[in-house]
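Here is a short briefing on one protein chain. Take the sequence and the coordinates together as you read.

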Amino acid sequence: MYNVILGIVIVLSILMVIAIMMQPSKQNSAASAFTGGADQLFGKQKARGFEAVMQRSTAVMGAVWMILLFVLVLLSSK
């Protein structure tokens, strides 16, 4: 059981890296690097389309990844 979950965690880690790299950049200029994107922080722009799908899928994969890691800790402690 431990090895199966470990394999799933490894595959999920690779998928998360790919999903994070596929997300579009929100910085438009070098000036936004200095402001930290504060102008977009309070903006009323919602993610739509591909960007929304990528944000949701990354969040879900991250949550599943954390849960599986806690299960691995519990299995390894016994």
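The points below cover the fold, a helix pair, some contacts across the chain and a surface patch.

This is a predicted model. The protein chain has four helices and zero strands. Of its 78 residues, 17% are buried.

**Overall fold**

- Along the sequence, the pattern reads α-α-α-α.
- Buried residues come to 17% of the protein chain.

**The H1 and H4 pair**

- Two values describe a pair of packed helices: the angle between their axes and the distance between the axes.
- H1 and H4 cross with left-handed geometry.

- Met 54 sits in helix H4. Its relative accessible area is 8%, under the 20% cut-off, so Met 54 is buried.
- From Met 54 to Met 22, the C-alpha distance is 7.8 Å, although 32 residues separate them in sequence.
- Ser 57 is also part of helix H4. Ser 57 has 24% relative accessibility, which falls between the 20% and 50% limits, so Ser 57 is partly exposed.
- The C-alpha atoms of Ser 57 and Met 16 are 8.7 Å apart, and the two residues are 41 positions apart along the chain.
- Leu 72 belongs to helix H4 as well. With a relative accessible area of 7%, Leu 72 is buried.

**The nonpolar surface patch**

- Which helix gives the most to the nonpolar patch? H1 does, with eight residues.
- The patch members are Met 1, Tyr 2, Leu 6, Ile 10, Val 11, Ile 14, Leu 15, Ile 18, Met 22, Phe 50 and Leu 75.
- Together these residues have about 1100 Å² of accessible area.
- Ile 18, one of the patch residues, is located in helix H1.
- Is Ile 18 buried, exposed or partly exposed? At 44% relative accessibility, Ile 18 lies between the 20% and 50% limits, so Ile 18 is partly exposed.
- Met 22 is among the patch residues, and the C-alpha atom of Met 22 is 7.8 Å from that of Met 54.

Notes: Residues are numbered from 1 along each chain as its sequence is written. This is a predicted model: local features need pLDDT of at least 70, side-chain atom pairs count only at pLDDT 80 or more; totals for chains, interfaces and linings use all residues. Side-chain values use heavy atoms; hydrogens and water are left out. Patches are made of residues with over 30% relative accessible area and no salt bridge: like charges are joined within 9 Å, nonpolar side chains (Val, Leu, Ile, Met, Phe, Trp, Tyr) within 5 Å. Accessible areas come from the Shrake-Rupley method with a 1.4 Å probe; for residues, only the protein chains shown count as cover. A salt bridge is a side-chain nitrogen of Lys or Arg within 4 Å of a carboxyl oxygen of Asp or Glu. Helices (H or I, at least four residues) and strands (E, at least two) are DSSP runs, numbered from the N terminus. Buried means under 20% relative accessible area, exposed over 50%, partly exposed in between (1.4 Å probe, protein chains only). A crossing is left-handed if the near helix is turned anticlockwise from the far one by less than a right angle, and right-handed if clockwise.
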